[in-house]
Amino acid sequence: EAAVEVARAALGDAGPGVEWRSAAFGNTAHLELGSPYPTDSVELVDAADAVLMGAIAGPEELPPELPKGEPCLLSLRRQLGVWANLRPVCSNPALFAASPLRPERLQGVDILFVRELTGGIYYGEKTRDANSATDVCRYTVLEIERVLRMACDLARSRRKKITMVDKANVLETSRLWRDTATRIAGEEYPDLDYEHVLVDAMAMHLLNRAADFDVIVTENMFGDILTDEASMLAGSMGLLPSAALGDGTRGLFEPVHGTAPDIVGRGIANPYAAISSVAMLLRWSLGLAEAADRIDAAVAAAVADRVWTPDLGGAANTRSVTDAVLERL
């Protein structure tokens, strides 16, 4: 709700041209409507130019009598055809004290993670019996090529450095990633500074020299883990937005963080990530870069002025943060 309120304000005269619709989704929808992704919501998504997803709250476990299907988020991603997850991580000097790292480790951090979103171990065949379990990690050259090209194109618009993260000393899928990335970078992007880094080494480098990296591209699971670690560079996961994109302009936009059932109804949730996510929506899916820039600037100003929720070490609540962003717009 905070994100949509800020978006409406930032759009100004362009606001009437954007129609906002709400769709039921997740466990609460399952309990109330019998499906985590009801038909009405599917139809709304089909008609939408973009989807903004809230950190949807609900019970962790559904009653056993309710039918279980494919996780609704995977269904949503497949419906939208999104396969690349963009997660920007920037440090803010005002929040250096909120990070567990020393300030000198945070200076100048500006990273864009590009995570492959619809392949790998999360989507592979799974088996389990009383004594064993398997999770298949599978990638095709096409899946790797398309996300690499997106990452390289983005690097061209930034500092022209791209880092591909893998585990090629152990995994065959990572060897395919490395071979494909080396070919794509050499043949199609000779103007970029390209390197590859093993995932365990990257986990270390993010803590001791994060400012050295520009665009980091990697597979699904590695990207999921590394971006959670990288949230500490910003000070809190409550600050990180994300965009899931595919071949067209339609995208799925959501905070990197998940739900916080322990604070539901208390009005203290940090809305910055959701607000920054709607700025990404305006920029990437609707082509409204000016409104997105205004939101980003307002968020940065509010954070610099120490309008902080408890996760950042402050006493602001969801409403006061939203008001602070609106004032700075």
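Predicted model: local features only at pLDDT ≥ 70, side-chain atom pairs only at ≥ 80, totals over all residues.
1. Where does K160 lie? Look in the loop between α6 and β6 (161–166). The backbone of K160 deserves a glance as well: its phi is near 65°, a positive value in a residue other than glycine. For background, most residues other than glycine have a negative phi.

2. R306 is not a glycine, and yet its phi is positive, about 65°. You will find R306 in the loop between α11 (289–304) and α12 (318–328). Is R306 buried or exposed? Its relative accessibility is 57%, and because exposed means over 50%, R306 counts as exposed.

3. Helix α1 covers residues 2–11 and helix α10 covers residues 272–284; their axes come within 8 Å and cross at roughly 45°.

4. Which residues make the contact between α1 and α10? From α1 come A2, A3, V6, A7 and L11, and from α10 come A274, I275, V278 and L282. Sorted by class, the contact of α1 with α10 has nine nonpolar residues, with no polar and no charged ones.

5. Helix α1 also packs with α12. Here the angle is about 15° and the axes are 10 Å apart. Angles under 35 degrees count as roughly parallel, so α1 is roughly parallel to α12. The crossing of α1 and α12 is right-handed. On the α1 side the contact involves A2, E5, V6 and A9, which meet R319, T322, V325 and L326 of α12. By class, the contact of α1 with α12 has five nonpolar residues, one polar and two charged.

6. Is T322 buried or exposed? At 1% relative accessibility, T322 counts as buried. Setting aside neighbours within four places in sequence, T322 is in contact with A2, E5, V6 and P271.

7. The next helix pair is α11 and α12. Their axes come within 8 Å and cross at roughly 120°, and these two helices are therefore oblique to each other. α11 passes α12 in a right-handed crossing. In α11, the residues A298, V299, A301 and A302 meet A324, V325 and R328 in α12. The contact of α11 with α12 divides into six nonpolar residues, one charged and no polar ones.

8. How many aromatic pairs does the structure hold? There are two. In one of them, the rings of F25 and Y37 have their centres 5.2 Å apart and their planes at 85°, so this pair is edge-to-face. F25 sits in the loop between α1 and α2 (27–33), while Y37 sits in the loop between α2 and α3 (39–47); the pair therefore ties together parts that are twelve residues apart in sequence. F25 and Y37 are each buried.

9. Y139 and W177 form an aromatic pair too, edge-to-face, with 5.4 Å from centre to centre and 90° between the planes. Y139 belongs to the loop between β5 (133–135) and α6 (141–156), whereas W177 is in helix α7 (residues 172–188), so the pair ties together parts that are 38 residues apart in sequence. Y139 is buried, and W177 is buried as well.

10. Q107 is in the loop between α5 (103–106) and β3 (110–116). How far apart are Q107 and N92, in sequence and in space? The two are 15 residues apart in sequence, and their C-alpha atoms are 8.3 Å apart. When residues up to four places away in sequence are not counted, Q107 touches F96 and A211.

How values were computed: Residues numbered from 1 in each chain as written. Heavy atoms only, no water. Axes fitted to C-alpha atoms, helices over the stretch in contact; angles between N-to-C directions. Helix = DSSP H or I, 4+ residues; strand = E, 2+ residues; numbered from the N terminus. Contact = heavy atoms within 4.5 Å. Nonpolar A, V, L, I, M, F, W, Y, C, P; charged D, E, K, R; others polar. Phe/Tyr/Trp six-rings, centres within 6.5 Å; stacked < 30°, edge-to-face > 60°. Buried < 20%, exposed > 50% of the residue type's maximum accessible area, 1.4 Å probe, protein only. Parallel < 35°, antiparallel > 145°, perpendicular 65-115°, else oblique. Left-handed = near helix turned anticlockwise from the far one by under 90°.
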